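Please work through the following exercises with the sequence and the model at hand. Each task is followed by a solution in steps.

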Amino acid sequence: MTDDTRLSQSQARGVRYARELEGHLNWLETFSGTALGVLATASGIYTYLGVSSLLDENGAMSVFAAIAYSVAVSVGIFVFWSYMMRLFPAVRSAQARIGLIVAMGAGSLAIVAMSSWLNAAALAGSAAVEQHLAKTVQDYQTSLERAHEVALNGQSLERDVARVRQSFEDLSEQEAAGALSGLAGRGAVFRVLRQKAAELSGLEAQISAQTPLVESAFAEGNAILSRMRALTVEPGPVEARSVEFSEQAVRLAGLITQLRQLSVAPLVERAAQDLAASVVLPELDSSTEQGRTDQAATITSVLEVLAQRAATLERAAQNVQAQGQATDVTYTPISSADAVILYARNFVPSWAGAIAIDLLPAVLVFILAITQNAIRGGREGAAVEDTLTLAELRAAMAALRDVETTMTAPADQVDPPQTPKRVAE
């Protein structure tokens, strides 16, 4: 029994404190290995689920590969943290502590790399893939709406074309009444004005014919978007839904390209350039020299007005084309493991749980280190025999009695040393 009279009061309290902590540690060690094994096994199970989602095949070899990887992860986690829980609390020098901390950090990174992200994929992989589908739908919707907006802006050029056409028709009516060249009738000036009005009328008809096509493509695109949105939330395996989603995405990409092609802005720009450049001048048909001179001067004025109106129409078409076009969107199918990394910020709780199940033993390592340090501090300054527990003291005394019994036993009770026999020659 420890004689506390040989110790100071503070030393005695420290020894009792150390013995109490040792008792707790002895009790905790009875199930710490089992608990660590359970954590490693759970991590291995989720790792198996994550690996299975990455394998393309479902054959026996793929299952065997997934099981082998998950078992290797479980064993690695168990062995690594067993080393840390035994060695880190036992070392005393600062250099050894720093070295083990560095080793623990490297091991933790390795565990996260080989297990935690797969655990997160098992926990939130399907939700992450659905998140990817939802984001893709948003991108396609933005692209479709932009393509439709640009197409509608092109259709609005119909009003500009109609205004220019109407101005030439009005001028032709004035010429027919003799208000321009002074020669009433449908002479050379009238035919030039009617020629350009007819060209603009044809362009106006082309633009008007595009309007139903634009609206039909936009309505079909919205129907495809509705189906794609439904696929993101429908029950069932996300892999099967991703296949149909990909098919719908291809159709929608084709419609967006069609809407780009339905924009009439390039057509209007080319028509405006040809409007002033390609003018077929008729023969001056006035019966007098003065009349022909007046006709030529009027045609020159008409060509100047034509050039101004064509430039205005061309600028309007260029402004439409200068607007930002719809961005190209391509749907890329991804695995659940890739999706959970790509959208990690949306699944922080899943990532936290996946990492915690692997790195929770690090907390136990530091708890053991702190406790062992407290035990050593409690025993500081006390002799070895003062720090022994009653059971340890009894065991030491029994061993001492056995040694004394052996040393005091009669010589004939002690087996004589065996000497090797000589071999007869």
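This is a predicted model: local features need pLDDT of at least 70, side-chain atom pairs count only at pLDDT 80 or more; totals for chains, interfaces and linings use all residues.

Residues are numbered from 1 along each chain as its sequence is written, and side-chain values use heavy atoms, with hydrogens and water left out.

**Exercise 1. State how many helices and strands the protein has, and what share of its residues is buried.**

Step 1. Helices (H or I, at least four residues) and strands (E, at least two) are DSSP runs, numbered from the N terminus. The protein has 11 helices and zero strands.

Step 2. Buried means under 20% relative accessible area (1.4 Å probe, protein chains only). Of the 425 residues, 35% count as buried.

**Exercise 2. Determine how helix α3 is oriented relative to helix α6.**

Step 1. Two packed helices are described by the angle between their axes and the distance between the axes. Axes are lines fitted to C-alpha atoms, for helices over the stretch in contact, and angles run from 0 to 180 degrees between N-to-C directions.

Step 2. Helix α3 (residues 94-155) and helix α6 (residues 238-261) pack at about 10°, and their axes are 10 Å apart. Therefore α3 is roughly parallel to α6, a term for angles under 35 degrees.

Step 3. Contact means heavy atoms within 4.5 Å. Among the residues that meet are S126, L133, Y140 and H148 in α3, and F245, L252 and L259 in α6.

**Exercise 3. Repeat the analysis for helix α2 and helix α3.**

Step 1. Helix α2 (residues 60-87) packs with α3 at an angle of about 160°, with the axes 11 Å apart. The two are therefore roughly antiparallel to each other, the term for angles over 145 degrees.

Step 2. The residues that meet include Y69, F80 and W81 in α2, and L100, G107 and M114 in α3. By class, this contact of α2 with α3 has 13 nonpolar, three polar and no charged residues. Ala, Val, Leu, Ile, Met, Phe, Trp, Tyr, Cys and Pro count as nonpolar, Asp, Glu, Lys and Arg as charged, and the others, Gly among them, as polar.

**Exercise 4. Describe the surroundings of H148.**

Step 1. H148 is found in helix α3 and is buried, with a relative accessible area of 10%.

Step 2. Not counting residues up to four places away in sequence, H148 touches V214, E215, F218 and L259. L259 is itself among the buried residues of α6.

Key
Angles under 35 degrees count as roughly parallel, over 145 as roughly antiparallel, 65 to 115 as roughly perpendicular and the rest as oblique. Buried means under 20% relative accessible area, exposed over 50%, partly exposed in between (1.4 Å probe, protein chains only).
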